[in-house]
Amino acid sequence: QLVESGGGSVQSGGSLELSCAASNGLGSFDAIGWYRQAPGNQRELVAEFTDSARTIYGPSVRGRFTISIDNAKNTVSLQMNSLKPDDTAVYYCHGLIVTNKGWTRYNNDYWGQGTQVTVSP
């Protein structure tokens, strides 16, 4: 189970930090990170540690947001700086567990309940 915290409202240029706690630990996930969804838009990648041990960022947040992991606390965090009104969205913690059956790979996606981030001009 993934539980987010830390959302809220902030003015443009401000900062927020989101945290996601994994009740069963982070070790079971092949990828862990953050997505967001604004009204009328599709859910999009914000930042993620991938199953190939890479860190990827969405192009609109690169250089402003930083993802980090605290294995001792089983949490993944997202530090968001220089926030813009376009960053307003519901932010979701995402975990991926890959399973294989024979030659077939299955992606099992897990999502938190989401936390609202609102950035005012």
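**View 1. The disulfide of Cys-20 and Cys-93.** With -85° about the S-S bond, the link between Cys-20 and Cys-93 is left-handed. The two sulfur atoms are 2.1 Å apart, and a disulfide is here a pair of cysteine sulfur atoms within 2.5 Å; by this rule the count comes to one disulfide. Cys-20 lies in strand S3 and Cys-93 in strand S9, so the link ties together parts that are 73 residues apart in sequence. Strands such as these, like helices, are DSSP runs numbered from the N terminus, with at least two residues (E) for a strand and at least four (H or I) for a helix. Both Cys-20 and Cys-93 are buried, where buried means under 20% relative accessible area, exposed means over 50%, and partly exposed lies in between, with a 1.4 Å probe and protein chains only. The model is a predicted one, in which local features need pLDDT of at least 70 and side-chain atom pairs count only at pLDDT 80 or more, while totals for chains, interfaces and linings use all residues. Residues are numbered from 1 along each chain as its sequence is written, and side-chain values use heavy atoms, with hydrogens and water left out.

View 2. The structure holds three salt bridges, each being a side-chain nitrogen of Lys or Arg within 4 Å of a carboxyl oxygen of Asp or Glu. In one of them, the side chains of Arg-36 and Glu-44 meet at 2.6 Å, N to O. Arg-36 has a relative accessible area of 5% and is therefore buried, whereas Glu-44, at 35%, counts as partly exposed. Arg-36 also meets the side chain of Asp-87 in a salt bridge, at 2.9 Å from N to O. Asp-87 lies in the loop between strand S8 (75-80) and S9, and Arg-36 lies in strand S4, so this pair ties together parts that are 51 residues apart in sequence. Asp-87 meets the side chain of Arg-64 as well, at 2.8 Å from N to O. Arg-64 counts as buried at 11% relative accessibility, and Asp-87 counts as buried at 2%. Through shared partners, the salt bridges join Arg-36, Glu-44, Arg-64 and Asp-87 into one network.

**View 3. The aromatic pair of Phe-29 and Tyr-110.** A search of the whole structure finds three aromatic pairs. Rings of Phe, Tyr and Trp (for Trp, its six-membered ring) pair if their centres lie within 6.5 Å, and planes under 30 degrees apart count as stacked, over 60 as edge-to-face and the rest as tilted. The ring centres of Phe-29 and Tyr-110 are 6.2 Å apart and their planes stand at 75°, so this pair is edge-to-face. Phe-29 lies in the loop between strand S3 (16-22) and strand S4 (31-37), and Tyr-110 lies in strand S10 (residues 104-111), so the pair ties together parts that are 81 residues apart in sequence. Phe-29 is buried, with a relative accessible area of 16%, whereas Tyr-110 counts as partly exposed at 40%.

View 4. Since Tyr-92 lies in strand S9 (residues 89-101) and Trp-111 in strand S10, the pair ties together parts that are 19 residues apart in sequence. Tyr-92 is buried, with a relative accessible area of 14%, while Trp-111, at 35%, counts as partly exposed. Together with Tyr-35, these residues, Tyr-92 and Trp-111, form one aromatic cluster. Arg-43 lies over the face of Tyr-92, at 3.8 Å from the ring centre, and over the face of Trp-111, at 4.5 Å from the ring centre. A charge sits over a ring if NZ of Lys or CZ of Arg is within 6 Å of the ring centre and within 35 degrees of the ring normal.

**View 5. Strand S11 and its partner strands.** In a regular strand the side chains alternate between the two faces of the sheet. Strand S2 (residues 8-11) pairs with S11 in the parallel sense over four bridges, where two strands pair if DSSP finds at least two bridges between them.
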